[in-house]
Amino acid sequence: VIAGNAYCNVVVPVEPFTESKIKVPVRAVNLPSDLTVKFFPAEITIAYQVAVSKINTVTPSSFSVEADFKEFSAIAPPEKMRVRVERQPLYVKELIYSPLLIDYLMEHKK
């Protein structure tokens, strides 16, 4: 039991955040070994928020952007491939990317 008035000062450090954009190449996953693919566009733009102190640590290799060919059907191939951000730094927030769907050209390897 504390008698009288008690005060406590609490200091909470707050770091400012900023918004930035980066272009990241799209990588094909689960592509059959006898095929090659080109994406149009080959890169997507990712907008994100990051602490000012970490802005210089974010590079295109900090992200993994994939088009998964498990979703591809040779019987009814999709007009466009869906892309997903599969890996991102934990300190990056509010991720928005575009385009969500990209064109592609597949060829058999020679």
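1. Start with Tyr 91. This residue is partly exposed, because its relative accessible area is 27%, which falls between the 20% limit for buried and the 50% limit for exposed. The model is a predicted one.

2. Where does Tyr 91 lie? Tyr 91 is in a loop.

3. Look next at what surrounds Tyr 91. Leaving aside residues up to four places away in sequence, Tyr 91 touches Phe 17, Gln 49, Val 50, Lys 54, Thr 57 and Val 58. Take Val 50: 41 residues separate Val 50 from Tyr 91 in sequence, yet their C-alpha atoms are 6.5 Å apart. With Thr 57 there is a polar contact, side chain to side chain, at 2.9 Å.

4. Now the whole protein chain. It has 8 strands and 0 helices. The radius of gyration is 22 Å, while the globule rule gives 13 Å for 110 residues, so the chain is more spread out than a compact globule. Its C-alpha atoms fill a box of roughly 85 × 30 × 20 Å along the principal axes.

5. What share of the 110 residues counts as buried? The figure is 27%. Consider also contacts between residues at least 6 apart in sequence: 68% of these join residues at least 24 apart.

6. Last, the surface and the charges. The protein chain exposes about 8,100 Å², and carbon and sulfur atoms supply 56% of that area. There are 13 positive and 12 negative side chains. The centres of the two sets lie 3 Å apart.

Notes
Residues numbered from 1 in each chain as written. Predicted model: local features only at pLDDT ≥ 70, side-chain atom pairs only at ≥ 80, totals over all residues. Heavy atoms only, no water. Helix = DSSP H or I, 4+ residues; strand = E, 2+ residues; numbered from the N terminus. Buried < 20%, exposed > 50% of the residue type's maximum accessible area, 1.4 Å probe, protein only. Contact = heavy atoms within 4.5 Å. Polar contact = N/O pair within 3.5 Å; in protein donor to acceptor, adjacent residues only side chain to side chain. Rg over C-alpha atoms; globule rule 2.2 N^0.38 Å. Areas by Shrake-Rupley, 256 points an atom, 1.4 Å probe, with all protein chains shown as cover. Lys, Arg positive; Asp, Glu negative; His and termini not counted. Charge placed at Lys NZ, Arg CZ, Asp CG, Glu CD.
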